[in-house]
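Dear colleague,

Please find the structure below, handed over for your review. The notes that follow it set out what was found.

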Amino acid sequence: MKIAILSPFFPYRGGIAQFSELLYRGLSGNNEVKAFSFTTLYPNFLFPGKSQYVPDNEYSDIESCRTLNSINPFSYIKTAKEINKYKPNILIISYWMSFMVPAYSSVCLMLNKQIKIVALVHNAIPHEKRVIDKPLTKLFFNRCDAFIVLSETVRKDVLSLCKGANIFLHPHPIYDNYGETIEKERACDKLGIRSDKKNLLFFGLIREYKGLDLLIEAMDYLDDSFQLIISGESYGDFEKYKKLIEKSRLKDNIKVFEQYIPDNMVATFFSAADVLVLPYRSATQSGVTAIAIQMELPIIATNVGELGNSVKDAQIGVVAPTATNTDIAEAVLEFFSDEKKISIYREKIKEEKKRLSWKSFIQFTESSLSRL
């Protein structure tokens with residue numbers, strides 16, 4: 001097949017860009033693939049983080065055709081022309097928020113009719129919902145011939161917006177580009193934190209729906225043997241979390257790395273932890289879960305969206321019944337109460353690691369696309 005992928009790619013950072021790079025590499029094995037990307041993803045005044053780009057010392061050998069400016073209609077025309085010039089059988093478009101709909105929908109309208117349009121939907125409905133999200137998303141979805149989704153929750157969301165949609169579902173594959181884990185003591189030493197504690201890891205972009213405030217509050221229900229490692233950049237003001245930490249009974253046991261975590265440091269944070277905690281208020285699937293499986297780290301998650309089901313069904317950790325500080329604390333205590341269960345979680349994670357490989361996802365994607 002001749003495949004085009006329209007998505008954020010290097011030098012943009014974050015889960016969507018990383019996923020797209022791995023997808024590109026996987027599909028390139030048996031197909032001709034070209035990457036199309038953005039000159040401007042978000043205008044700086046709309047971007048909530050510190051930077052949209054990876055540090056200067058990170059590199060990718062994937063060459064993308066960077067033509068699309070999310071807010072410049074002239075770039076929509078140019079992008080469509082470039083894709084038409086490439087003459088792909090299939091165009092895969094990474095979709096995660098309605099802000100991209102004007103650009104994506106316009107490009108789709110100007111494509112040659114022979115090109116099949118497949119939306120790779122990370123989120124159909126954003127976690128921080130707005131009134132315009134559903135109508136805009138529906139507009140884009142109506143331009144698509146098929147959809148690839150990574151969870152049952154997203155499949156249902158797509159069907160609610162696009163009746164009778166042709167949907168291919170495969171669970172989120174695990175990331176395999178972060179290197180190998182190291183001994184806990186060595187990892188803690190690199191981070192300058194104690195290794196003799198029960199280390200809870202919160203990892204990834206810090207956003208309201210991810211419930212970091214609930215996890216910080218949950219520390220008040222734990223004893224001094226626990227340590228919380230917060231690692232990731234805040235999308236928005238981190239001040240409210242600082243205030244919660246300052247008020248916490250275990251404030252000296254809360255270690256903060258509020259920054260972009262480069263790829264070569266990811267394994268260090270996961271190696272320093274005994275368990276990953278996902279105190280989310282809402283969720284579809286989580287790319288952080290995929291990293292945890294790759295690193296063979298058990299998970300404590302709240303029972304929201306597909307998150308709780310994925311942890312529960314695979315038996316890779318403990319699920320808190322609700323997204324409250326008390327339930328999260330109780331889930332943490334339950335996790336550490338039985339060493340035998342922790343060993344079982346680790347064995348089950350190894351099974352998931354085999355099942356959710358990128359090789360499996362690429363084979364599924366190729367098989368699905370060949371049927372269009």
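Which residues are linked with D213 in a network of salt bridges? The network joins E208, D213, K240 and R281, a salt bridge being a side-chain nitrogen of Lys or Arg within 4 Å of a carboxyl oxygen of Asp or Glu.

Before the details, two remarks on the basis of these notes. This is a predicted model, in which local features need pLDDT of at least 70 and side-chain atom pairs count only at pLDDT 80 or more, while totals for chains, interfaces and linings use all residues. Residues are numbered from 1 along each chain as its sequence is written, and side-chain values use heavy atoms, with hydrogens and water left out.

Salt bridges

The count comes to 15 salt bridges. Helices (H or I, at least four residues) and strands (E, at least two) are DSSP runs, numbered from the N terminus. D213 is buried at 9% relative accessibility, whereas R281 is partly exposed at 33%. Here buried means under 20% relative accessible area, exposed means over 50%, and partly exposed lies in between (1.4 Å probe, protein chains only).

A salt bridge is also formed by R25 and D61, at 2.7 Å from N to O. Because R25 belongs to helix 1 and D61 to the loop between strand 2 and strand 3, the pair ties together parts 36 residues apart in sequence. R25 is partly exposed, with a relative accessible area of 38%.

The side chains of K353 and E296 form a salt bridge at 3.0 Å, N to O. This pair links distant parts of the chain, with K353 in helix 13 (residues 339-355) and E296 in the loop between helix 10 and strand 12 (299-302), 57 residues apart. K353 has a relative accessibility of 22% and counts as partly exposed; E296 is partly exposed at 25%. The backbone of E296 deserves a note: its phi is near 60°, a positive value in a residue other than glycine.

Aromatic rings

A search of the whole structure finds 20 aromatic pairs. Rings of Phe, Tyr and Trp (its six-membered ring) pair if their centres lie within 6.5 Å; planes under 30 degrees apart count as stacked, over 60 as edge-to-face and the rest as tilted. Among the pairs, Y42 and F99 are tilted, with 5.9 Å between centres and 35° between planes. Y42 is in the loop between strand 2 (32-40) and strand 3 (64-69), and F99 is in the loop between strand 4 (90-95) and helix 3 (101-109), so the pair ties together parts 57 residues apart in sequence. Y42 is buried at 15% relative accessible area, while F99 is partly exposed at 22%.

The rings of Y175 and Y178 have centres 6.0 Å apart and planes at 70°, so they form an edge-to-face pair. Both of these tyrosines, Y175 and Y178, are buried. Ring pairs also link F38, Y95, Y104, F140, F141 and F147 into a cluster.

Helix 1 is mostly covered, with 10 of its 13 residues buried. Among the buried residues of helix 1 are I16, F19, L23 and L27. P11 lies in the loop between strand 1 (2-6) and helix 1, and the peptide bond from F10 to P11 is cis, with omega near 10°.

Other backbone and core features

Q315 has a phi near 60°, again a positive value in a residue other than glycine. Q315 is placed in the loop between helix 11 (307-314) and strand 13 (317-320) and is partly exposed, with a relative accessible area of 40%. I299, in strand 12, is buried at 0% relative accessible area. The C-alpha atoms of I299 and Y345 are separated by 8.6 Å, and the two residues are 46 apart along the chain.

With kind regards
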